[in-house]
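Here is a short briefing for a first look at this structure.

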Amino acid sequence: MKATLKRWGTRAVMALLLGGALGAGAGVFTVNRLEPGRGTGVDSLAVMLDSLARGNVPAARGAEGGEAPSKSADVPADTAPTPPAEVVAVPALEGLEEGAARNALLDAGLVVGEIEFRASSRPAGTVLASVPAAGAQLAPESPVTLILSDGRSTDPDTLAVPAPSSPSPSSS
């Protein structure tokens with residue numbers, strides 16, 4: 001009797017371990033499919049390291065020119081020099097992969113805002129549009145929203161808002 005219980009107990013433990021391993025593997029696979037480009041984080045890390053290597057490091061908020069915030073607070077507001085108002089254009093990002101779009105935004109002096117996924121027949125992670133659109137003039141360090149393809153649709157892309165249809169004559 002004890003040998004039978006021991007054998008079934010061993011089998012139960014093995015089944016639990018095997019089930020847990022299979023479930024974890026399936027979970028990782030599912031996350032990679034449901035959130036394209038988000039599975040490992042390597043893309044974002046590579047983009048960040050590439051940007052740092054090229055010297056595209058945004059200034060820390062509250063500090064100008066590497067000074068501590070307390071030093072810049074010692075200067076009265078009426079005597080501090082006002083930098084000229086600069087604007088930068090949003091680059092054309094449509095059709096780029098997410099990493100290339102991030103680099104283009106950083107090169108232009110802008111930052112990546114929100115990331116949205118939309119159903120599209122384009123490969124997962126391809127930029128469908130940006131908000132604001134390419135060519136818009138923004139202040140440096142302004143966020144730009146990227147709209148990416150989730151790669152799960154077989155229908156043609158429909159990001160444009162359909163034109164209102166003409167009213168049909170009503171029969172009374």
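Buried means under 20% relative accessible area, exposed over 50%, and partly exposed in between (1.4 Å probe, protein chains only). By that cut-off Thr145 is buried, because its relative accessible area is 15%. This is a predicted model: local features need pLDDT of at least 70, side-chain atom pairs count only at pLDDT 80 or more, and totals for chains, interfaces and linings use all residues. Residues are numbered from 1 along each chain as its sequence is written, and side-chain values use heavy atoms, with hydrogens and water left out.

**Confidence**
- pLDDT is the predictor's confidence in each residue, from 0 to 100.
- The protein chain averages 73, and 55% of the residues score at least 70.
- Over residues 37-42 the pLDDT is below 50; this stretch has seven contacts beyond near neighbours in sequence. Contact means heavy atoms within 4.5 Å.
- Residues 160-164 stay under 50 too, with zero contacts beyond four places in sequence.
- Where pLDDT is low, the predicted coordinates should not be read in detail.

**Thr145**
- Thr145 sits in strand β5, residues 143-149. Strands (E, at least two residues) and helices (H or I, at least four) are DSSP runs, numbered from the N terminus.
- Not counting residues up to four places away in sequence, Thr145 touches Gly113, Glu114, Glu116, Ala129, Ser130 and Val131.

**Nonpolar core**
- A nonpolar core is a set of buried Ala, Val, Leu, Ile, Met, Phe, Trp, Tyr and Cys residues joined through side-chain atoms within 4.5 Å.
- The largest one has 11 residues, including Val88, Ala101, Val127 and Leu146.
- β5 gives the largest share of this core, three residues.
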